[in-house]
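The sequence and the model are shown first.

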Amino acid sequence: MKKILVYFIFSLVIVSISGFLFAPQEKAYDESWKQVEAYVKKGLPKSALKIVDEVYQSAKAEGNETQALKALIYRVSLQSRFEEDHLVKAIWIFEKELASSVSPEKQILHSLLAEMYQWYLNENRWQINDRSTLTGIDNKDIHTWDAAKLNRIITNHYLSSLEQKDKTQSVVLDNFNAILQNTDKGGFILWPTLFDLIGNRALNYFSTDDAGLAALSTYTSLNDPVFFLSAPEFVKQ
């Protein structure tokens, strides 16, 4: 089944990094989004960003979390056109938003953040793989993190996205028209609720080899006795 995608614009290239996508806007915000699109077509991301910020402020004031989330994502997209290290900055923006978010937007943000960290890992894998695991890590500087730490964070975000299942299971995807693509609605038969969508996104990650690296970050030393057990006992561990 075709994925539902959210896209960020990197250097004029649309890059798919998650499972949501912009599409129809609520009527109250139509004119604002049309103006944003007009500025984007003219190559004026900073002008578009000003409108997006206004949408975000209005949506937050009105408690319209769907539009606020869309504005947040679009803001990151626009910033990527003229800011360096935009993906890292995007991650911190979403982390900050996460701190004040509530369900079900909180679960969506966790799911998006997990995949943003995945994107960072994939884009910088050759550098990250050269770093020594468990040494030289600055917890506040993503540029020093090794693959084990990144995958632990990815794992935590995906697991967090599955919390409060009773709430996300009660949210039908039609409620998120502002960030879902119409052409994907046929998939709602298989993924009718928000929990189905974010659950399958998490499952996709936990089916990868990378997911196993998260366990490495639980070890504080390679002198841990588990590494010196007999072969049968080691396999059990």
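Does Q164 count as buried, partly exposed or exposed? At 35% relative accessibility, Q164 counts as partly exposed, where buried means under 20% relative accessible area, exposed over 50% and partly exposed in between, with a 1.4 Å probe and protein chains only. The model is predicted: local features need pLDDT of at least 70, side-chain atom pairs count only at pLDDT 80 or more, and totals for chains, interfaces and linings use all residues. Residues are numbered from 1 along each chain as its sequence is written, and side-chain values use heavy atoms, with hydrogens and water left out.

**Overall fold**

The protein chain has ten helices and two strands. Helices (H or I, at least four residues) and strands (E, at least two) are DSSP runs, numbered from the N terminus. In sequence order the pattern is β-β-α-α-α-α-α-α-α-α-α-α. The chain has 237 residues, of which 45% count as buried. Contact means heavy atoms within 4.5 Å; among contacts with a separation of 6 or more, 63% are between residues 24 or more positions apart.

**Backbone features**

Q164 is located in the loop between α7 (147-161) and α8 (165-168). Its phi is positive, about 55 degrees, although Q164 is not a glycine. Another loop, between α4 (86-99) and α5, holds P104. The peptide bond that leads from S103 to P104 is cis, with omega near 5 degrees.

**Aromatic side chains**

The structure holds six aromatic pairs. Rings of Phe, Tyr and Trp (its six-membered ring) pair if their centres lie within 6.5 Å; planes under 30 degrees apart count as stacked, over 60 as edge-to-face and the rest as tilted. Two of these pairs are set out below.

| Pair | Centre distance | Plane angle | Class |
|---|---|---|---|
| W33 and Y74 | 5.5 Å | 45 degrees | tilted |
| Y205 and F206 | 5.2 Å | 65 degrees | edge-to-face |

W33 lies in helix α1 and Y74 in helix α3, so the pair ties together parts that are 41 residues apart in sequence. Both W33 and Y74 are buried. K70 also lies over the face of W33, at 4.3 Å from the ring centre. A charge sits over a ring if NZ of Lys or CZ of Arg is within 6 Å of the ring centre and within 35 degrees of the ring normal.

The place of Q118 is in helix α5, and at 17% relative accessibility Q118 counts as buried.

One aromatic cluster is formed by W92, Y117 and W145. The charged end of K149 sits over the ring of W145, 5.0 Å from its centre.

**Other partly exposed residues**

Q35 is found in helix α1 (residues 30-41) and, at 34% relative accessibility, counts as partly exposed. Q35 and S47 are twelve residues apart in sequence, and their C-alpha atoms are 9.4 Å apart in space. F227 belongs to the loop between α9 (194-206) and α10 (231-236) and is partly exposed, with a relative accessible area of 30%. From F227 to Q237 there are ten residues in sequence and 9.3 Å in space, C-alpha to C-alpha.

On a 1 Å grid over the protein atoms alone, a cavity is a set of points where a 1.4 Å probe fits but cannot get out, and lining residues have an atom within 4 Å of a point. Grid points are joined across faces, edges and corners, and a volume is the space filled by probe spheres set on the points. The count comes to two cavities of 30 Å³ or more.

How much space lies in the largest cavity? The largest cavity holds about 50 Å³. Its lining consists of K60, E65, A68, L69, L72, E97, S101, E105 and L109. Helices α3 (65-79) and α5 (105-123) each supply at least two residues of this lining, and α3 gives the largest share, four residues. By class, the lining has four nonpolar, one polar and four charged residues; Ala, Val, Leu, Ile, Met, Phe, Trp, Tyr, Cys and Pro count as nonpolar, Asp, Glu, Lys and Arg as charged, and the others, Gly among them, as polar.

Definitions and conventions: 1 Å grid on protein atoms, 1.4 Å probe; cavity = no way out; pocket = protein on both sides within 12 Å on 5 of 7 lines; lining within 4 Å.
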